[in-house]
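Please consult the sequence and the model shown here alongside the text.

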Amino acid sequence: MSQSPIFERICLIGIGLIGSSIALRCRRDGLAKTIVVSTRRKETLDRARQLNLGDVYTDSVSDAVEGADCVILCTPVGTFSSIGQRIGAHLAPGCIVTDVGSVKRSVIDQLKPHMPDHVHLVPGHPVAGTEYSGPDAGFSTLFDDRWLLLTPESNASEETMAAVQKLSEFWAALGSHIDVMDPDHHDRVLAVTSHIPHLIAYNIVGTASDLEEVTQSEVIKFSASGFRDFTRIAASDPVMWRDVFLHNKDAVLEMLGRFSEDLSQLQRAVRNGDGDLLFDHFTKTREIRRGIIDAGQETELPNFGRDVVQETD
Ligand code: NAP
């Protein structure tokens with residue numbers, strides 16, 4: 001469904017799963033008059049061109065942002081400081097600078113020092129994704145019915161709040177439901193709903209493959225009994241997830257502490273044969289699953305609320 005463009009010139013820095021999905025939806029529905037695609041490797045830029053994801057292609061981020069009224073960083077969060085440094089002086093007055101990174105406080109810390117006063121920084125996070133990467137992985141409906149979280153700082157100016165409004169309109173056109181959240185709160189919520197589940201998946205898949213008494217063929221053969229979903233999550237991009245843990249350290253460690261205490265309680269119940277405790281706990285968690293289904297978010301569960309879905313993320 002074509003509509004009037006929301007942005008004149010949108011610049012996507014990084015054109016992997018998330019960047020290409022944004023580009024495809026902008027193209028499909030005419031959400032930007034011009035789409036500028038920038039990425040560091042020639043192979044990725046060439047592939048983006050073959051897939052017709054943009055109108056302008058460049059490996060220079062400073063050239064890419066010139067004249068853009070919206071710049072979206074779609075690279076791993078560990079790259080933001082360096083990209084901010086290179087684009088700051090080239091941003092047009094009034095430009096909205098945003099991102100899709102899975103952590104939010106660190107994004108503000110990395111980008112803010114490089115942003116001139118005449119631009120509006122509004123961090124964002126689409127809670128949508130899959131375990132696939134690169135420009136071929138994108139699809140135009142990735143964000144349909146998924147949440148998009150915007151995390152402006154609490155002291156944001158009126159102009160920045162107007163930018164929040166415009167970005168909300170943009171993401172709604174991409175199919176998302178919008179919520180505005182404090183950046184630190186975001187990082188704590190996502191630590192428990194997405195980051196810790198990924199860490200558990202990375203850990204259990206490693207443990208299973210290290211067990212000497214379990215052969216590789218048995219791991220594959222009997223994977224349907226719960227293990228398979230973990231392997232899908234543990235197949236997620238190592239660079240992206242390394243950066244998530246490096247840049248959401250405090251919240252992850254805090255939630256991991258809580259998780260370890262609860263796990264110890266279950267361990268004690270198993271050791272002591274405390275069936276009542278196990279039954280009560282499993283009954284409570286079953287209710288949580290039902291609540292997720294009632295909220296229409298059930299497709300996220302196999303990916304553990306991450307960025308799912310058809311997405312699988
Ligand atoms: P992706 O498919 O792996 O694409 C990453 C893009 O970033 C590519 O264009 C890549 O460029 C570029 N890139 C990678 N390392 C870089 C570096 N060191 N310097 C400059 N550019 C670099 O990643 P994605 O899944 O779209 O994720 C992008 C962002 O979205 C991440 O911040 C992630 O936290 C967030 N996110 C992901 C998901 C998900 O499920 N995947 C969900 C929500 C949010 P080249 O190919 O040219 O190297």
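The points below cover the basis of the model, the domains, their interface and the ligand site.

The model is predicted, so local features need pLDDT of at least 70 and side-chain atom pairs count only at pLDDT 80 or more, whereas totals for chains, interfaces and linings use all residues. Residues are numbered from 1 along each chain as its sequence is written, and side-chain values use heavy atoms, with hydrogens and water left out.

**Domains**
- The chain is assigned domain 1 (7–181) and domain 2 (185–294), with bounds taken from an automatic or database domain assignment.
- Between the C-alpha centres of domain 1 and domain 2 the distance is 30 Å.
- Their contact (heavy atoms within 4.5 Å) involves 16 residues from domain 1 and 15 residues from domain 2.

**Interface**
- About 1,200 Å² is buried between domain 1 and domain 2, 67% of it from carbon and sulfur atoms; buried area is the accessible area (1.4 Å probe) that two parts lose on being put together, summed over both.
- Seven residue pairs, both members at pLDDT 80 or more, are in polar contact across the interface of domain 1 and domain 2; such a contact is a pair of N or O atoms within 3.5 Å, and within protein one must be able to donate a hydrogen and the other to accept it, while residues adjacent in sequence count only if both atoms are side-chain atoms.

**Ligand site**
- Among the 28 residues around the ligand (a heavy atom within 4 Å), Thr-39, Arg-40, Thr-44, Thr-75 and Ser-102 come nearest.
- A side-chain N or O atom of Thr-39 is 2.7 Å from a ligand oxygen atom.
- A polar backbone atom of Arg-41 lies 2.9 Å from an oxygen atom of the ligand.
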